[in-house]
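Work through the exercises below with the sequence and the coordinates at hand. Each task is followed by a stepwise solution.

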Amino acid sequence: ARAPRSVFVMPPVIKSKEAKAAAAAASGKGKKKKWSKGKVKEKVNNLVLFDKNTFEKLLAEVPKYKMITPSILSDRLRINGALARKAISVLMEKDLIRPVSVHSKQAIYTRATNVE
């Protein structure tokens, strides 16, 4: 035995045509969502040919690294990948480094020790 609920209804508001058009334009979409530009990686400007200082650093420091790969050389000496691969072949010819694992995609070398 509940009492019937009274429902309150707002009386209709009479708008002019201009007001209706403005309301329609303002409502709904609002501002369109913009796509983010994404994260932009900064461009590294690596050397394409050796300069004197970099080549000396290659011959002096690299044979002391425990692990030597083209990507490590590229990162530490600021040279590009092709130059890093050439640098490794130069070090191999001079017997300053020795291969650990040579694969077509990733070659790993280490310093030349007398343990064979």
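A nonpolar core is a set of buried Ala, Val, Leu, Ile, Met, Phe, Trp, Tyr and Cys residues joined through side-chain atoms within 4.5 Å; buried means under 20% relative accessible area, with a 1.4 Å probe and protein chains only. This is a predicted model, in which local features need pLDDT of at least 70 and side-chain atom pairs count only at pLDDT 80 or more, while totals for chains, interfaces and linings use all residues. Residues are numbered from 1 along each chain as its sequence is written, and side-chain values use heavy atoms, with hydrogens and water left out.

**Exercise 1.** Find how many residues the largest nonpolar core has.

Solution.
1. The largest nonpolar core has 16 residues.
2. Those with the most contacts inside this core are Leu 58, Val 62, Ile 68 and Leu 73.
3. Helix H3 (70-77), helix H4 (81-93) and strand S2 each supply at least two residues of the core; helices (H or I, at least four residues) and strands (E, at least two) are DSSP runs, numbered from the N terminus.
4. H4 gives the largest share, five residues.

**Exercise 2.** Determine whether Thr 110 is buried or exposed, and which residues Thr 110 touches.

Solution.
1. Thr 110 lies in strand S2, residues 107-111.
2. Its relative accessible area is 13%, so Thr 110 is buried.
3. Not counting residues up to four places away in sequence, Thr 110 touches Lys 66, Ile 68, Ile 97, Arg 98 and Val 100; contact means heavy atoms within 4.5 Å.

Note on methods: Buried means under 20% relative accessible area, exposed over 50%, partly exposed in between (1.4 Å probe, protein chains only).
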